[in-house]
Every structure is written in C-alpha cells, then in structure tokens.
Amino acid sequence: MNLFLRLLSSLLLWVCMATIVILIVLLPRDTVSHRVGVKDIMSYHFTWENYKKNIDDYFEEVKTKKSLGTTNFEQPVESELLFYFKRSIIVLLPAMVLSIFFGICKGVFDYRFQAYKLGQFFGRGTTWMGQAVPDFFLIFLCQTFLSMAMNHGFPKIHMYGNDVWYSFFFPIIFLSMYPAFVIARYTFQALEEEEEMDYIKTAKAKGVPERVVLWKHILGNCYPKLLQHFMPIILMLFSGMFVVEFLTLYHGIGWRLITAIHIRYSIMAGEPLPIDAPAVIGFSLLLMVLLLLAQWINQILNYVLDPKRGGDF
Amino acid sequence: MQKIPSLWIGIIGCSMLAIFFVFGPYLPHVDKNVTPHSYVVGPESNLDFILPPYTPNKDFLLGSDKHGRDIYSALIMGTRGTLTTVFAISLSTFLLAVPLGIAAAHLTFFRLLLQAWNYLFSRIPVFFYIIIVSTIPFFIFSPHRAIWMVSFLIIFELGKVGDVVYKGVSLIQKTTYYEAGIISGSKPYGLWKRYYWPGCYPQWVAYFVQHLGSMLFLLGQLGIFGIFISQSLAQGEHPSYSIDNTALVWPMFLFDVLIDFDAFPWIPLFSSLFITLSMFSFVCLGEGILDYHLRKQRGLISIRPPRKPFLPRLRKKVTANVKL
C-alpha cells in the first residue's frame, strides 16, 4: 500500500470519527421529572424529532452563516478557535519537543549507566518513579513547594493563569514530564533489544568508540521502533493538556472545551442540561484535526524511515 | 530474583495495597464508617467549636475534608472501592481483548475488526470520549451509571489492549521455532500450551498490572473534573439537586481542587499521593515481572532441579525437567 492511500484511509476514518462525535454532541438534552411524594423522579427524555431538529438546526446555521456556529459568548466559533489555538499550541509544541528530547536523553542515560548501582538508581529507578507520578500530583507538589518557598522570601512568580509573559512556562514543564519518562522507558527497551545484534558487535570489533556506537549506530536504528509509540505519546499529551490547563488556569483549548461541556454539579428537576454545542463541536474538531495531522506525520515518518519500504504496517 | 529491585518494590507495594484491601477496617486509627464530623469541641471549653476541615493532627492523621471526614480512614477504606473498580475495568477489558487479539492473529475478519476498533477509539484520548459521553443526561440519571461508565471504559480500552495481544502473538508466529512446531505436527492445543503461552503470558501479566495503573490515573484525572463512576442525585438545602459521588474512592478528594488547594492543600495532596504510590507499585511490579522473565529466558535465573525424594522410590527414576 503506498503512502498516499494510507493517508487517504486515515482521512476517511477521521471523517467517520468526526461524524460520530458531532452526532453525540447534538443529542437532545431535555429531561422530564414527575413528583412522587417529596421526591422528584428525573429521567432523560429522548425523542427522534428533537434530535432531528437539533441536527437540522445546526447544519442550517452552518450553511447560512458559513461558520461553525456562534458560542455562548456570542462569538463566531472560528475566532475563538484561532484565539485559543494560538495559546495552546505554544504549550503543546514545546512540550512535545521537550518530552521527546528529554525522554531520549534519559533513556540513553539509563542504558549507559545501568551497570553501576548508583547509575541504576538514578537511571531506571527515576524512570519508574517518573512514570508513576500522575501529572496532577506533580502539579500539586510543585505548587505547594513554590508557594511555601514564596512565603519564605522566594521571589514572587505567577504560577496560575496566562497573564504574564512566562505563564506558558509552567504548563510546558508539567505537560512534558509524564510523556518524557514514558519515552525514556521505550528508548531504554529499544536500546536493550538492539544491543545483541550482530552489527553492533561488528562495529565494536572494528574499534568504533563506545560513544559513537551508542549514539550513532544503536540509537539510529531505534528511531523506527520509537516511532511506533508516537501516537500514544501524542494522545498522552492531549489528555494531559486538559488536566494541566485546568489546574494551572491556563486558558487554552482544553480549558475552553471543558467549560463548553458544562459539567454539572447540581441540577433543577426537569430543566434541560444544555451544552455549548457549537463550541464543543468546534473545539473537538480542532483537537481531532491536530490528532489527524499527528497521524499523518507519523505515517509519513514511518514511510521515510522504514528500511524495508512498502512492508505492511 | 534478588537482583531485580523493581520486582521487590512492586511486590511490597502491592501487598501493602492487599493488606489495606483486606484488613483495612481493622487497622489502627481507622474509622470504619468514615463518619463526617460537623464540629469538634476545642480544648478551651464546651463552647469552643472547631469547624472542619481540620489540619493534620493527632485525631485526624492526614487531616480531614470539608465534611469532617478523616482522610486517612477514607483513603484506607477507599482502597476496596477504588481497586475493585480498577480491577473490574482492567480484568473485563483483558478477558475480551485476549481472545480478540488471538483471533485477530489467525482470522482476517477479526484482524479487520480489531483494526477498525483501534482506529475508531484509540486515535482520540479516552479521557475526551469519557467526558463527552458522561455528560449526556441519560447517563447522569441512569441508576446503572456505574455499569454504563465501566462498559464505556472497556469499549474505549479494548482496541488498545487487543492490539498489544495481537502484536505479541503475531511476533511468535513469525519465529522459526513456531514453524518447526507446526511442521512437527502440533495440534492447536499443543501450540497454545507450548508456544504461545510461555512467550506471551509474562507480557500479558505485566501489561495487565500496568493497565491497572493507567486506569487509576484516568480515574484520578476524571475526579479532578468531578466526573465519577458512580453518582447519585441528592437534595440539600437548595431546591436544586446536587450530583454527588457515592462510592468511597480515592479520586473523590480531588474534586473541587481549585478551591481546596489554596486553603486546604492536604486534601488533594494526600489523596493524589496515595494514587501515585499505588501507580508506582503497579508500574514496578509490571517492569519487575518482565525483567524476571527476560532473565529467565536468558538463563540468568536457574530453574531449581526437582528435589530428591526423601525416601528412595523403587521404580520411578527422577529425571530433570527439560523445558522447551
């Protein structure tokens, strides 16, 4: 199967997914309630007419206004998308680059020093530790320590929000940590698998220095293997983005999507539970477009890096 | 076995969790019912009321939450609820995914099914799907919400796990010793017993343990946004009904974290610490199992020869177990 067909097939599947998500978002959200004694019995009220009306209305609006709709803030979705996209991308891209770079370096470090006891502790030990620390715990810990330090004379810095020029700094760090350790583990595994290959022995026998063998020969052959984990890492980054943006009050795509979904903590009997459907659709599609781009990059890289080009995937 | 620290850390951590799970209510200082305290009488006089939440002190080892529930007791008592949920999700995912993955390695139909499933559900964060689905009113009101949520998690995870199983099995199918097994006339049962199982099960067990950790991570993330597996509606002083988490689970203290964190940092901090420590033991155990089997395969861990019988037997000769 050639590259173009693969890209096309992932586009097709993407369209399927997007349709499913749009159909879920446009579900009617009316509820009914009746009173029994002192209790309201609430239930979900679904009718096909309402569903059809919701879908028709939405697509009518899209058709007439040539836009994805207007959000609850009376803004066209596109302008909000652009606004929040700019904010999130300056966190996402550096976080991705940082986690890949740091992760591979850490993996090589773990591999290089695994023979020593101290190296094993600081190498693989810290990698396990890093994989076990969920991003929210890291955020709580950092924020606690920083606020304690600030109480004791550490210069005041803004840890929350997006008002100061360095406010993207904390989200980048928080977001990149968890994927970095996962990449470090994958790198270590790949290096270990490659270690016993004949070409490594040949290279060593020919007197190539250890460092060059490690960085050039072994690592170079590990990249296709690491690339298999590209999509899971991207997914990790995206689901981390929701949590990190929410906990650092950094208003980006993730934060906006969560507010648009209106997670309810209390409800009145019989009231509908609306969500900001145009915004949810817009931001979900944006997320999915980013994921599709990542998928395409993955497929193209796979194609380019694959030594046996044209093998099945 | 002595030389694999991760295995030891994992075993110790998981047995601690098992102790909490089984003997939780009988541990010292644990309040079995996790009773909420609306006030505590202070040291000065009978009129000296102290309202919750309490900072960590002698009575409340890890402090209390806003309802005056002791966090230490709640975390230990919550071990059952949390681990049962996580186990239920992971176990049913694996029970479905292992046959699916194996079938996919043999039959084209199942391979296509697995690929399509994977494309549909594994290309978007599970977290995102769950948030979208869990806010549909039907699942808010449903009395079987917990079952719905768990089944959704299983559906979303199935493709990913099935793919790992499929890859593991097809890796074995490519080896020459597998071909030799077929040529020498092994029946499916024999192939399964002697070829797939020894190669695959360490990987599956390790992946299962790590899957437990990742499910715990996901539940924690959802807890931050106030989305829980089991919720119910309750009317308080207001005419509106509040949506409350009903199960005693670790992530419940992560809810409201933005408000809590400033004033009562111990509430989210200790519960997330608990989640972190158990994730750490799961990750370590998984790594340890893999490491152990890798060493065993390379012959670094000797398989002990069967012990000589105490009384010499008359007929049967003891022969060393030769493993393929």
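**Entry 1: a helix pair across the chains**

At what angle do helix 5 of chain A and helix 10 of chain B pack, and how far apart are their axes? I looked this up first: helix 5 (residues 135-151) of chain A packs against helix 10 of chain B at about 140°, with the axes 9 Å apart. My axes are lines fitted to C-alpha atoms, for helices over the stretch in contact, and angles run from 0 to 180 degrees between N-to-C directions. That angle makes the two helices oblique to each other (under 35 degrees counts as roughly parallel, over 145 as roughly antiparallel, 65 to 115 as roughly perpendicular, the rest as oblique). Their crossing is left-handed, meaning that the near helix is turned anticlockwise from the far one by less than a right angle; clockwise would be right-handed.

Contact here requires C-beta atoms, placed from the backbone, to lie within 7 Å. By class I have seven nonpolar, three polar and no charged residues (Ala, Val, Leu, Ile, Met, Phe, Trp, Tyr, Cys and Pro are nonpolar, Asp, Glu, Lys and Arg charged, the others, Gly among them, polar).

**Entry 2: ground rules**

A note to myself: this is a predicted model, in which local features need pLDDT of at least 70 and side-chain atom pairs count only at pLDDT 80 or more, while totals for chains, interfaces and linings use all residues. Residues are numbered from 1 along each chain as its sequence is written, and chains are lettered from A and ligands numbered from 1 in the order in which they are written.

The model scores ipTM 0.87 and pTM 0.88. Chain B averages a pLDDT (the predictor's confidence in each residue, from 0 to 100) of 84, and 92% of its residues score at least 70. Helices (H or I, at least four residues) and strands (E, at least two) are DSSP runs, numbered from the N terminus.

**Entry 3: the whole interface**

How many residues of chain B are in contact with chain A? I find 44, meeting 42 residues of chain A. Helix 10 (266-298) of chain B is among the elements giving two or more residues to this side, as are helix 8 (188-224) and strand 4 of chain B. Helix 10 of chain B gives the largest share, 11 residues. Chain B's side divides into 32 nonpolar, 10 polar and two charged residues.

Strands pair if DSSP finds at least two bridges between them. Two bridges join strand 3 of chain A to strand 4 (residues 241-245) of chain B.

**Entry 4: a pair within each chain**

In chain A, helix 1 (residues 3-25) and helix 11 (residues 277-305) pack at about 160°, axes 10 Å apart, and are therefore roughly antiparallel. Their crossing is right-handed.

In chain B, helix 2 (residues 71-106) and helix 8 pack at about 135°, axes 9 Å apart, and are therefore oblique. This crossing is right-handed. Among the residues that meet are B:Phe87 and B:Phe94 in helix 2 and B:Trp204 and B:His211 in helix 8. The contact has 11 nonpolar, two polar and no charged residues.

How values were computed:
Contact = placed C-beta atoms within 7 Å.
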